[in-house]
Every structure is written in structure tokens, then in C-alpha cells.
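Here's a quick briefing to read with the model open in your viewer. Take a look at the chain below, and then we'll go through it topic by topic.

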Amino acid sequence: VEKTTNGGTNWTNISSGIRQDLQSVYFISDSTGWVAGDANALFKTTNSGTTWTTLSGPFYSQRDLHFVDANTGWVVGLSGSISKTTDGGTNWNSQTSNTFNVLLDVTFTNSTTGWIVGESGVVRYTSDGGSNWVSQTSGTGNNLNAVYFVNSTTGWISGSSGTIVKTTDGGSNWITQ
């Protein structure tokens with residue numbers, strides 16, 4: 001694990017003690033953050049990465065994580081796995097994605113509205129914090145690697161083979177760019 005305090009000009013190696021391959025990092029503040037990855041790897045820091053605490057839960061190998069505040073977050077990964085925490089990562093509850101495809105990225109615009117994307121063009125949307133995930137049609141069968149929304153209606157997805165799609169209606173329609 002490496003850390004910067006000057007916008008990336010210099011990086012400092014932090015001996016984390018973590019041995020798994022890590023796929024994602026998310027910080028909610030300069031001190032509190034999480035990393036996720038292979039072999040059920042999920043860790044939390046509350047001191048800017050000086051030390052990392054192992055979190056346990058209903059995980060598979062994870063590909064991405066996203067938090068909306070210091071307590072509420074989601075991890076997604078292999079076999080369509082989604083898990084949510086409401087206590088900063090101490091306890092996790094599985095959610096149903098209705099897919100076995102690998103989920104590669106997750107984003108939320110607030111504590112209820114979010115999207116996940118994954119292999120074979122998979123897009124899922126929730127308006128209730130993940131209790132229900134609804135399929136959206138991305139218009140592609142390519143793997144979708146990243147999703148980002150600037151608000152609850154406008155967002156982009158990028159993926160393999162140069163795939164870029166945009167929505168301006170919350171994902172009801174995706175337009176190839």
C-alpha cells in the first residue's frame with residue numbers, strides 16, 4: 001500500500017501486512033478508508049493507512065467497494081456478490097444481484113441510489129439502498145469495468161473494447177459514445 005500527501009508528487013510505502021492482491025480502495029475522509037481484493041480480502045483503516053484491520057463477512061473475492069459515509073458501504077465481486085454494511089464494515093449483509101456474472105464496479109449518489117456493472121454488459125440499479133437490484137440494459141455485451149454518476153440522472157459506464165455509454169435519465173436509456 002502506498003500513500004501520498006502532496007497530490008501524487010511523492011508516494012510513501014506503508015507496510016500494511018496485507019498479502020492478498022487488492023482490487024479497490026475507497027476513502028471517505030483523509031483518515032478512514034477500506035481496501036478490497038482477492039481471497040476475501042477486506043480491510044479498514046482509521047489512521048490514514050498506518051494500520052489496517054481485517055474485516056470479515058459474507059465475501060467472495062471483491063472487485064470494488066463504495067461508501068456514502070463512514071458507516072454505509074457496499075462491496076461487489078465474483079459470482080454476482082454484493083454485500084452491504086451500515087456500521088463501517090463490522091457487519092455485512094448479502095444482497096441479491098440476480099446474476100452470477102462478476103461485478104466489477106459499484107457507485108452510489110446517496111444512501112439509496114446506486115449502480116453496479118460487470119461482465120457481459122451487466123448493469124444493476126437500486127433506489128432502496130440495495131434491498132432490490134433492477135436490471136438495466138446497457139446496449140452492450142462487453143465487460144463493463146467502471147461506472148460513475150455525477151447526480152442521480154447523469155452517468156457514464158466504460159468497458160472493454162473501448163465501450164463508453166452515457167445516461168441522462170438514471171439508466172433507463174444508455175447511449176453509446
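Which side chain does R63 meet in a salt bridge? The partner is D38, with an N to O distance of 2.5 Å. Keep in mind that we're looking at a predicted model.

**The salt bridge**

- Searching the whole structure turns up 1 salt bridge, and the R63 and D38 side chains make it.
- R63 sits in strand β7 (residues 62–67), while D38 is in the loop between β4 (33–37) and β5 (41–45), so the pair ties together parts that are 25 residues apart in sequence.

**The four-stranded sheet**

- An open sheet is built from 4 strands, running in the order β15-β16-β17-β18 with antiparallel pairing.

**A nonpolar surface patch**

- Four residues, Y148, V150, W156 and I164, make up a nonpolar patch on the surface.
- Together, these residues have about 380 Å² of accessible area.
- Y148 belongs to strand β15, and with a relative accessible area of 51% it is exposed, because the cut-off for that label is over 50%.

**T113, a buried loop residue**

- T113 is part of the loop between β11 (103–108) and β12 (114–118).
- Its relative accessibility is 9%, so T113 counts as buried, the limit being under 20%.
- The T113 side chain has a polar contact of 3.5 Å with the side chain of T112.
- Setting aside neighbours within four places in sequence, T113 is in contact with T107, F108, Y125, T126, S127 and S152.

- S48 isn't a glycine, yet its phi is positive at about 60 degrees. You'll find S48 in the loop between β5 and β6 (53–54).
- S161 is another residue other than glycine with a positive phi, near 55 degrees.
- The S161 position is in the loop between β16 and β17, and S161 is exposed, with a relative accessible area of 73%.

How values were computed: Residues numbered from 1 in each chain as written. Predicted model: local features only at pLDDT ≥ 70, side-chain atom pairs only at ≥ 80, totals over all residues. Heavy atoms only, no water. Pairing = 2+ DSSP bridges. Helix = DSSP H or I, 4+ residues; strand = E, 2+ residues; numbered from the N terminus. Patch = residues over 30% accessible without salt bridge, like charges linked within 9 Å, V, L, I, M, F, W, Y side chains within 5 Å. Areas by Shrake-Rupley, 256 points an atom, 1.4 Å probe, with all protein chains shown as cover. Buried < 20%, exposed > 50% of the residue type's maximum accessible area, 1.4 Å probe, protein only. Polar contact = N/O pair within 3.5 Å; in protein donor to acceptor, adjacent residues only side chain to side chain. Contact = heavy atoms within 4.5 Å.
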